Amino acid sequence: MITPIATKIEAILYLKGKPLSLGEIAEYAACDRAKIKEGIIELMDNYARRDTALEVVETPDGYSLQLRSDFHDLVQTLIPVELGVGALRTLAAIALNSPILQSDLINLRGSGVYQHVPELVELGFVRKRRDSDSRSYSLQVTSKFHQYFQIEQLPQIFAISEKEEQLELELQLEAK
């Protein structure tokens with residue numbers, strides 16, 4: 001049986017949805033810090049014994065009620081990533097030209113790339129590596145990109161082979 005203070009702490013952590021310090025929890029619960037500390041220990045112990053998707057953890061920012069790490073893949077599947085139009089367009093340019101140098105991408109998309117690329121790398125959609133032949137970075141989409149957008153292989157619609165290019169030139173010459 002869980003004590004009323006532990007239940008109150010659980011409600012506070014759930015409702016706030018972010019890490020809280022002992023002082024903040026004590027203030028919300030209208031209780032002293034010693035009781036809050038006991039309640040948190042009880043709550044952490046209670047969650048540790050249950051076979052649930054949630055856990056109470058201490059983070060650098062305070063105590064938090066959060067989803068266990070075993071379920072982070074589920075989060076990626078169920079909660080769509082919030083990307084702005086510019087970042088999506090940058091991601092599309094990287095995907096269609098992968099691999100592409102960041103300098104070439106800047107020429108293609110503009111200076112907004114400097115904000116988009118770190119965001120796309122952090123989300124795991126793009127891999128960024130120093131290019132050995134230049135001072136720029138080589139960018140390419142990752143397997144997470146393919147899984148998230150459910151694209152197994154991108155069409156090479158913009159890639160024209162040398163034979164196709166030669167045929168195109170011959171047709172243009174014949175038309176004149």
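## The largest nonpolar core

In this predicted model, the largest nonpolar core has 18 residues, of which Leu91, Ile94, Leu105 and Phe125 touch the most other members. A nonpolar core is a set of buried Ala, Val, Leu, Ile, Met, Phe, Trp, Tyr and Cys residues joined through side-chain atoms within 4.5 Å. Buried means under 20% relative accessible area, exposed over 50%, and partly exposed in between, with a 1.4 Å probe and protein chains only. At least two residues of this core come from each of H5, helix H6 (102-109), helix H7 (113-122) and S5. H5 gives the largest share, five residues.

Leu105 is in contact with Thr90, Ala93, Ile94, Ile100, Gly110, Val113, Val117 and Leu139, when residues up to four places away in sequence are not counted. Contact here means heavy atoms within 4.5 Å. Another core lies apart from the largest one; it has 15 residues, among them Leu20, Leu22, Ile25 and Ile36.

## Basis of the description

Residues are numbered from 1 along each chain as its sequence is written, and side-chain values use heavy atoms, with hydrogens and water left out. Because the model is predicted, local features need pLDDT of at least 70 and side-chain atom pairs count only at pLDDT 80 or more, whereas totals for chains, interfaces and linings use all residues.

## The chain as a whole

The protein chain contains nine helices and five strands. Helices (H or I, at least four residues) and strands (E, at least two) are DSSP runs, numbered from the N terminus. From that terminus on, the order of elements is α-α-α-β-β-α-α-β-α-α-β-β-α-α.

Of the 176 residues in the protein chain, 27% are buried. Contacts between residues at least 6 apart in sequence include 47% that join residues at least 24 apart. The accessible surface of the protein chain is about 12,400 Å², and 53% of this surface belongs to carbon and sulfur atoms. Accessible areas come from the Shrake-Rupley method with a 1.4 Å probe; for residues, only the protein chains shown count as cover.

## The three-stranded sheet

Three strands form an open sheet in the order S3-S5-S4, with antiparallel pairing. S3 and S4 are the edge strands, each pairing on one side only. H5 packs on the sheet and touches S3, S4 and S5, with a direction that makes about 90° with that of S5. Axes are lines fitted to C-alpha atoms, for helices over the stretch in contact, and angles run from 0 to 180 degrees between N-to-C directions.

Two strands pair if DSSP finds at least two bridges between them. Two bridges link strand S3 (residues 100-101) with strand S5 (residues 137-141) in the antiparallel sense. Ile100 stands opposite Leu139 in S5, and Leu101 stands opposite Ser138 in S5. Strand S4 (residues 126-130) is joined to S5 by five bridges, also antiparallel. Val126 faces Val141 of S5 as its opposite residue, and a hairpin of six residues connects S4 to S5.

## Two buried threonines

Thr90 lies in helix H5 (residues 85-97) and is buried, with a relative accessible area of 0%. The side chain of Thr90 makes a polar contact of 3.2 Å with the side chain of Arg109 and one of 2.7 Å with the side chain of His116. A polar contact is a pair of N or O atoms within 3.5 Å; within protein, one must be able to donate a hydrogen and the other to accept it, and residues adjacent in sequence count only if both atoms are side-chain atoms. Not counting residues up to four places away in sequence, Thr90 touches Leu105, Arg109, Val113, His116 and Leu120.

Thr142 is found in the loop between S5 and helix H8 (143-148). Thr142 is buried too, with a relative accessible area of 10%. A polar atom of the Thr142 side chain lies 2.5 Å from the backbone oxygen of Gly124. Leaving aside neighbours within four places in sequence, Thr142 is in contact with Gly124, Phe125, Val126 and Arg127.

## Backbone features in two loops

Most residues other than glycine have a negative phi, and most peptide bonds are trans. Ala30 has a positive phi of about 55° although it is not a glycine. Ala30 is in the loop between helix H2 (22-29) and helix H3 (33-49), and is exposed, with a relative accessible area of 72%.

The bond between Ser98 and Pro99 is a cis peptide bond, with omega about -5°. Pro99 belongs to the loop between H5 and S3.
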